[in-house]
Amino acid sequence: MSEILDYGPLQELLGTWQGDKGMDVAPEPDGAEENPYYETITYTPVGDVSNAESQRLVAVHYTQVVQRKSNDQVFHHQTGYWMWDAANELVMHSFTIPRAVALVAGGHWRGERDTDGRVQLEVIARLGDDDWGIVQSPFMRDHARTGKFVLRLQVGEGRLSYHQTTWVDIYDKLFEHTDANELIRKR
Ligand code: HEM
């Protein structure tokens, strides 16, 4: 009989989610633009992974497709993994976006839940951090440098919400690029 894997806090993510309350605040040369959006995020179980014969992870893969409400165009695409290291109560989130930016963010989960009882996750990555870092192309480093990323996500009972801030050094200023949405599980 195959082992039933415990995905810990990631169990709640599994499935396909849709939400149309998204709001993106993105950098523009003369300030900021606000982009209302809708999106589909699909989380798929990967199974378990062992590293150096000592670390044991379970992993979930996801794709996130984000469309502008104004014209239905896909204006953000993201794919990556969530990983759970139960022994160390550690959540890891690695992803890449098609601007040639990738990161590995981390945070602990010690049973945190929001007031609705939903699992609450927080992960952070910083440029130059030895633990949880960011990599980007030379162009992005020089012209639109991602310096820090923070994501807070709540999930449970068929509802998922998140708020994330990406600090981008662009157009001679440090811009707080934010994205937030609320999604409902579709299947
Ligand atoms: C729902 C999620 C996201 C949406 C909807 C979104 C949308 C946008 C938009 C509309 C721009 C302006 C670019 C343009 O005018 O062509 C932008 C810029 C940028 N985004 Fe995002 N973004 C998201 C998440 C992220 C994440 C997670 C990162 C990195 C960790 C990121 C990194 C950047 C960078 C570095 C730029 C500057 C490039 C530029 O403006 O030319 N974004 N994003």
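How many nonpolar, polar and charged residues does the shell around the ligand have? The shell has 14 nonpolar, seven polar and five charged residues. Before going further, please keep in mind that this is a predicted model.

Let me start with the overall fold. The protein contains one helix and eleven strands. Along the sequence, the order reads β-β-β-β-β-β-β-β-α-β-β-β. The radius of gyration is 17 Å, close to the 16 Å that the globule rule gives for 187 residues, so the protein is as compact as a globular protein of that length. Taken along the principal axes, the C-alpha atoms fill a box of roughly 60 × 35 × 30 Å.

Next, the ligand. It sits in the largest pocket. Which elements build the shell around it? At least two residues each come from strand 1 (15-28), strand 2 (31-51), strand 4 (74-85), strand 5 (90-97), strand 9 (144-156), strand 10 (159-170) and strand 11 (173-185). Strand 10 gives the most, with five residues.

Now the individual residues. There are 26 residues around the ligand, and those that come nearest are Glu28, His76, Arg99, His177 and Asp179. Three of these names come back when we look at polar atoms. For Glu28, an N or O atom of the side chain is 3.1 Å from an oxygen atom of the ligand. For Arg99, a polar side-chain atom is 3.3 Å from a nitrogen atom of the ligand. For His177, the distance from a polar side-chain atom to a ligand nitrogen atom is 2.9 Å.

One last item is the iron atom of the ligand. Which protein residue is its donor? The only protein donor is His177, through NE2, at 2.1 Å. His177 is placed in strand 11, and strand 11 is one of the strands that supply at least two residues of the shell.

That is what I had on this one.

Note on methods: Residues are numbered from 1 along each chain as its sequence is written. This is a predicted model: local features need pLDDT of at least 70, side-chain atom pairs count only at pLDDT 80 or more; totals for chains, interfaces and linings use all residues. Side-chain values use heavy atoms; hydrogens and water are left out. A residue is near a molecule or strand if one of its heavy atoms lies within 4 Å of it. A polar contact is a pair of N or O atoms within 3.5 Å; within protein, one must be able to donate a hydrogen and the other to accept it, and residues adjacent in sequence count only if both atoms are side-chain atoms. On a 1 Å grid over the protein atoms alone, a cavity is a set of points where a 1.4 Å probe fits but cannot get out, and a pocket is an open set with protein on both sides within 12 Å along at least five of seven lines; lining residues have an atom within 4 Å of a point. A molecule sits in a cavity or pocket if more than half of its atoms lie within 2 Å of its grid points. Helices (H or I, at least four residues) and strands (E, at least two) are DSSP runs, numbered from the N terminus. Ala, Val, Leu, Ile, Met, Phe, Trp, Tyr, Cys and Pro count as nonpolar, Asp, Glu, Lys and Arg as charged, and the others, Gly among them, as polar. Donors are N, O and S atoms within 2.8 Å of the metal (3.2 Å for Na, K and Ca); water is not among the atoms, so sites may look incomplete. The radius of gyration is taken over C-alpha atoms; the globule rule is 2.2 Å times the number of residues to the power 0.38.
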